[in-house]
Amino acid sequence: MTCSAKPLFPTFSLIFPGLLVRHSGLAARFPGLLVRHFGLAALLLIVGCSGPKDIYSQLRNADLVFVRSGGSAMDDAISDATASTDGRGDFTHVAIVQRQDDSLFVIEALPMRGVIRRPFAEFAAENGDSLLCFRRPDPAVIRDIAGRQGVSEDMLLWAFVQRALSRLGEGYDYIYLPDNGLCYCSELIYDSYIDTAPSPGDCHLFCSAPMNFLAPDGTLPDFWKELFELMQSPVPQGVNGTNPNDMFRDPILVDVPGL
């Protein structure tokens, strides 16, 4: 995949905020959304900077952070199409953890910003601790893959992080299509967790499936309708892809102890 800091649709960066505000109502009601889409400057106006809590000290490379719905139009559209009915969460974003010595970072793909790396403290303050949920690859799976590759488990986890880092600067994939040099949040994770040892079948650790953008009643939410009209692109209904909710429930993941 090619990596480019230039957005594929430059005018969208000027129009997308209006699309969000039109469907979200008062921005003050959704401080997490405001920061997620408009950057650190908005964060500093809403909440003070704070360091990571001690409980996060057990996070390690390649752990995943899932973010529950914050109530925005985009979050609602994702939830309507992908939320589970089993009560196991309503997640609309996912990021990968990087630990560098005593510092903690996340790598994520965000609208308006593309693939970025930033301090975990900023990420947690923006989204709110209560909306975060942590999972990691099953240790038994990691041991098996590391053994077949002839590397340590730590080296394997670091390889996942390195793949995510290699995509820094890539633009956000507003049209949710594979292999187009752009990236959405769960796609970044999907393409980072790869088993390079010779084995039959797909080398991705996570499953992909036909995507759904329709609400439970079969209608297309206004947010998606306006988005894809703006992009002049068909809705990729049924195209294989990923989403945070399906990824959260993937059997390859387990809960991070204590979080």
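**View 1. Helix α5 and its buried residues.** In this predicted model, the buried residues of helix α5 are Phe 120, Ala 121, Glu 122, Phe 123, Ala 124, Glu 126 and Asn 127, where buried means under 20% relative accessible area, exposed means over 50% and partly exposed lies in between, with a 1.4 Å probe and protein chains only. Because 7 of the 8 residues of α5, which covers residues 120-127, are buried, this helix is largely enclosed by the rest of the structure. Just after α5, Gly 128 takes a positive phi of about 90 degrees. Helices (H or I, at least four residues) and strands (E, at least two) are DSSP runs numbered from the N terminus. Residues are numbered from 1 along each chain as its sequence is written, and side-chain values use heavy atoms, with hydrogens and water left out. As the model is predicted, local features need pLDDT of at least 70 and side-chain atom pairs count only at pLDDT 80 or more, while totals for chains, interfaces and linings use all residues.

**View 2. Helix α8 and what covers it.** Helix α8 is largely enclosed by the rest of the structure, because 8 of its 8 residues are buried. These buried residues are Cys 185, Ser 186, Glu 187, Leu 188, Ile 189, Tyr 190, Asp 191 and Ser 192. The cover over the buried residues of α8 includes the strands β1, β2 (91-100), β3 (103-110) and β4 (114-119), together with the helices α7 and α10 (244-248).

**View 3. The crossing of α7 and α8.** The axes of α7 and α8 come within 8 Å and cross at roughly 130 degrees; axes are lines fitted to C-alpha atoms, for helices over the stretch in contact, and angles run from 0 to 180 degrees between N-to-C directions. That angle makes α7 oblique to α8, since angles under 35 degrees count as roughly parallel, over 145 as roughly antiparallel, 65 to 115 as roughly perpendicular and the rest as oblique. The contact is made by Phe 160, Arg 163 and Ala 164 of α7 and by Leu 188, Asp 191 and Ser 192 of α8, contact meaning heavy atoms within 4.5 Å. In passing α8, α7 makes a right-handed crossing; a crossing is right-handed if the near helix is turned clockwise from the far one by less than a right angle, and left-handed if anticlockwise.

**View 4. The meeting of α6 and α7.** The axes of α6 and α7 come within 9 Å and cross at roughly 95 degrees, and the two helices are therefore roughly perpendicular to each other. On the α6 side the residues that meet α7 are Ile 142, Arg 143, Ile 145, Ala 146 and Gln 149, and their counterparts in α7 are Glu 153, Leu 156, Leu 157 and Phe 160.

**View 5. Asp 195 and Arg 148.** Asp 195 is placed in the loop between α8 (185-192) and β6 (209-210), and with 8% relative accessibility this residue counts as buried. The side chains of Asp 195 and Arg 148 are joined by a polar contact of 2.5 Å, a polar contact being a pair of N or O atoms within 3.5 Å; within protein, one atom must be able to donate a hydrogen and the other to accept it, and residues adjacent in sequence count only if both atoms are side-chain atoms. Leaving aside neighbours within four places in sequence, Asp 195 is in contact with Ile 145, Arg 148, Gln 149, Cys 203 and Leu 205. Arg 148 also forms a salt bridge with Asp 144, with the closest N and O atoms 3.3 Å apart; a salt bridge is a side-chain nitrogen of Lys or Arg within 4 Å of a carboxyl oxygen of Asp or Glu. Both Arg 148 and Asp 144 lie in helix α6 (residues 139-149), 4 residues apart, which is about one turn of the helix. Arg 148 counts as partly exposed at 37% relative accessibility, and Asp 144 counts as partly exposed at 44%.

View 6. The structure holds 12 salt bridges, and one of them joins the side chains of Arg 136 and Asp 63 at 2.8 Å, N to O. This pair links distant parts of the chain, with Arg 136 in strand β5 (residues 132-137) and Asp 63 in the loop between α3 (40-46) and β1 (64-68), 73 residues apart. Arg 136 counts as buried at 11% relative accessibility, and Asp 63 is buried with a relative accessible area of 0%. Asp 191 forms a salt bridge with Arg 167, the closest N and O atoms lying 2.8 Å apart.
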